[in-house]
Amino acid sequence: MITLLITVMVMSIWLAACGAKPAENDTTTEIETQTEAATERTLTDAMGHKVTIPANPERVIASYLEDNLVTLGVKPVAQWSVANGIQEYLQKDLNGIPTIAFDLPFEAVTSFNPDLIIIGSESVVEGEKYEQYSKIAPTYVLGDEINSDWRKTLLKIGEILNKSDEAQKALDDYEVKATEIKEKINNVTGGTKSAAAIWLVSGKFFIVSDNVSSGEVMYKELGLQEPEVVKEISANATGNWSSISMEKLAEMDVDYLFFVNSDEGTGAEALKDPVWQSIPAVKNGNLFEFTRSSSWLYSGVQANLQIMEDIQNSIVK
């Protein structure tokens, strides 16, 4: 009996030791993987700068690129602002984050002690500005070619922050959501209804181009038809939004009109104009109004998804 007990104990210890080895190996592999992922990397930006990216940047400034940071689960140390506001559509995630002026004054940037600065356009760092920013923290310039395409922007920022997998997953999920909403809208419109987005600010009307921001969402993502007036203006557009006269608006035979009203509460006289009232979408009760705090003026996963939901909630009853 004693011999049997000793044998059982020895076997138990041996089996326990054998069983522990894979766990030890798994832990070692996990530590090695984490160590590999947490190393500094040197990337070349759009201007040819060799930029050393910190292993785990924790104090990022990426002015006017915050939509991408939110998508990747990263909170910046400061967020973009102008004299009359911020990107209000992101405040569910950025509420409480201090603001920094859109032109990124050196003193203000320094005060936030960033460990990484991501710049959208080359023009922001023209002259000796890049050298000044790079003295504050490693500074990566995306460049206009990347910055003009929100998908490329997200993927590049994902690469910079070592979150490429998260960026790709966000795009994949976005495509699935866009397809779902497009199908719901087509069930109502039959794929034949037209739409346009109009912005009223300081008494003047602007119309979005067909390949950016809410224009891209309406026409490219959701398959709404593009009025001829929008095609004409988009062909010569120099920015995301182009000025449009009331007379030109009157020519627009459009089924749905999505209206961003930055003059809300100021008693905008333009909306009382008979010409405005004669636009088919307005006359037929298919005018859908949104405040300046909506995402209709912006681009990115967060902005576009909110625009899609606005359109769905407006059209699909």
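Two strands pair if DSSP finds at least two bridges between them. In this predicted model, strand S4 (residues 79-82) meets that criterion with S5: the two pair in the antiparallel sense over 2 bridges. Within this pairing, Ser-81 has Ile-86 of S5 as its bridge partner.

Helix H8 covers residues 164-189. Its 26 residues should span 38 Å at 1.5 Å a residue, and the 37 Å between its end C-alpha atoms agrees with this. Just after H8, Gly-190 adopts a positive phi of about 70°.

The buried residues of H8 are Ala-167, Ala-170, Leu-171, Tyr-174, Ala-178, Ile-181, Ile-185 and Thr-189. An α-helix has 3.6 residues a turn, so residues three or four places apart point the same way. Several elements cover the buried residues of H8. Among them are helix H2 (66-71), helix H7 (150-160) and helix H9 (213-221). Strand S12 (256-261) and helix H14 (301-315) are also included.

The largest nonpolar core has 91 residues. H8 supplies the largest share of this core, 7 residues. The residues with the most contacts inside the core are Phe-205, Met-218, Met-252, Leu-257, Phe-258 and Ile-311. Neighbours within four places in sequence aside, Leu-257 is in contact with residues including Ala-196, Ile-198, Met-252 and Trp-276. Its contacts also include Ile-279, Ala-281, Val-282, Asn-286, Leu-287 and Phe-288.

How values were computed. Residues are numbered from 1 along each chain as its sequence is written. This is a predicted model: local features need pLDDT of at least 70, side-chain atom pairs count only at pLDDT 80 or more; totals for chains, interfaces and linings use all residues. Side-chain values use heavy atoms; hydrogens and water are left out. Helices (H or I, at least four residues) and strands (E, at least two) are DSSP runs, numbered from the N terminus. The expected span of a helix is 1.5 Å times one less than its number of residues. Buried means under 20% relative accessible area, exposed over 50%, partly exposed in between (1.4 Å probe, protein chains only). Contact means heavy atoms within 4.5 Å. A nonpolar core is a set of buried Ala, Val, Leu, Ile, Met, Phe, Trp, Tyr and Cys residues joined through side-chain atoms within 4.5 Å.
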